[in-house]
Amino acid sequence: MANIKLTYFNLRARAEPCRLLLAYGGIKYEDERIAPPWDAATTWPTLKPTTPFGQLPLLKWDDEVICQSMACARFIAREVGLAGTSSMESAQVDEIIDVIQDLINAGVKLFFAKDEAGMKNHAEVTVPTALGQLEKKLASRGGQYFVGNNFTWADLHTFMYVSDLPSKSVLDGFPKLANLVERVAEIPNIKKWVETRPETSM
C-alpha cells in the first residue's frame, strides 16, 4: 500500500474530488488540512513558497508529489478504476469532468468577485442549461451512468457538484440526473465519507 498524503485547506473545494475518490477506493491516507488563507491562524504564507507551483492541493504518493487538483484526481481515478476502460471511455469521462469544472470555475470567479448579478444569472441560467445538457448526455448513454454503463469518476464528480448546489430543487426537471445523484450517495464508502467528513463552509 502506498504512503499517501493529501494537503489542502480545511475546505472541500479543490481537494474534495480527490477525497471522494480515495474514499471510494477505501484508500488510507493522511488528510492534512491547514486553515484557509483568510483565517488568521493560517500557515499558508509559510507553506506556499515550498510548493512546486504556489498552490494547493498537493498529493504525495510514496516519493512523488503531484500538483494541480485535476491532475491529482485523474491519477487517483485511474488507481481506483474509475477513469474508463479504454482511451475513448477516458475521454468521455474527461468530457463530463470538464463540463463540471467549467461550472465550478465560473461560479467561484463570480463568488470572489462579489458579482451579485453574475451569480444570479449563473444560478438561474447557466447551471440549469448545463444540467439539461448533462441530462441529455446521460439519457443518450442509457440513463444509468455517463460512460460505458458503469460507475466512473464522471458520475462521482457530478454527484459532488450537485450536492454542493445551494438548492436541490434545480434537479426537479432532470429526473435521470437526480436518480444518479441519489444512487451515488448510497455507495457505502461515499456515504460514510460524506457523513463523517469535517464540516466546512465550502
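**Pockets and strand pairs**

Me: What classes of residue line the second largest pocket?
Reply: Five nonpolar, three polar and three charged residues. Ala, Val, Leu, Ile, Met, Phe, Trp, Tyr, Cys and Pro are nonpolar; the others, Gly among them, are polar. The model is predicted: local features need pLDDT of at least 70 and side-chain atom pairs 80 or more, while totals for chains, interfaces and linings use all residues. Numbering runs from 1 along each chain as its sequence is written, and side-chain values use heavy atoms, without hydrogens and water.

Me: How large is the largest pocket in volume?
Reply: About 1,200 Å³. The residues closest to its centre are I104, G107, V108, F111 and M202. Helix 4 gives the largest share of the lining, eight residues. By class, 26 are nonpolar, nine polar and three charged.

Me: Why are strands 1 and 3 called paired?
Reply: Pairing takes at least two DSSP bridges; strands 1 and 3 have four, so they pair. Their sense is antiparallel. L6 has L59 as its bridge partner.

Me: What joins strand 3 to strand 4?
Reply: Four bridges, with the strands antiparallel. L58 stands opposite C67.

Technical notes:
1 Å grid on protein atoms, 1.4 Å probe; cavity = no way out; pocket = protein on both sides within 12 Å on 5 of 7 lines; lining within 4 Å. Points joined across faces, edges and corners; volume = space filled by probe spheres on them.
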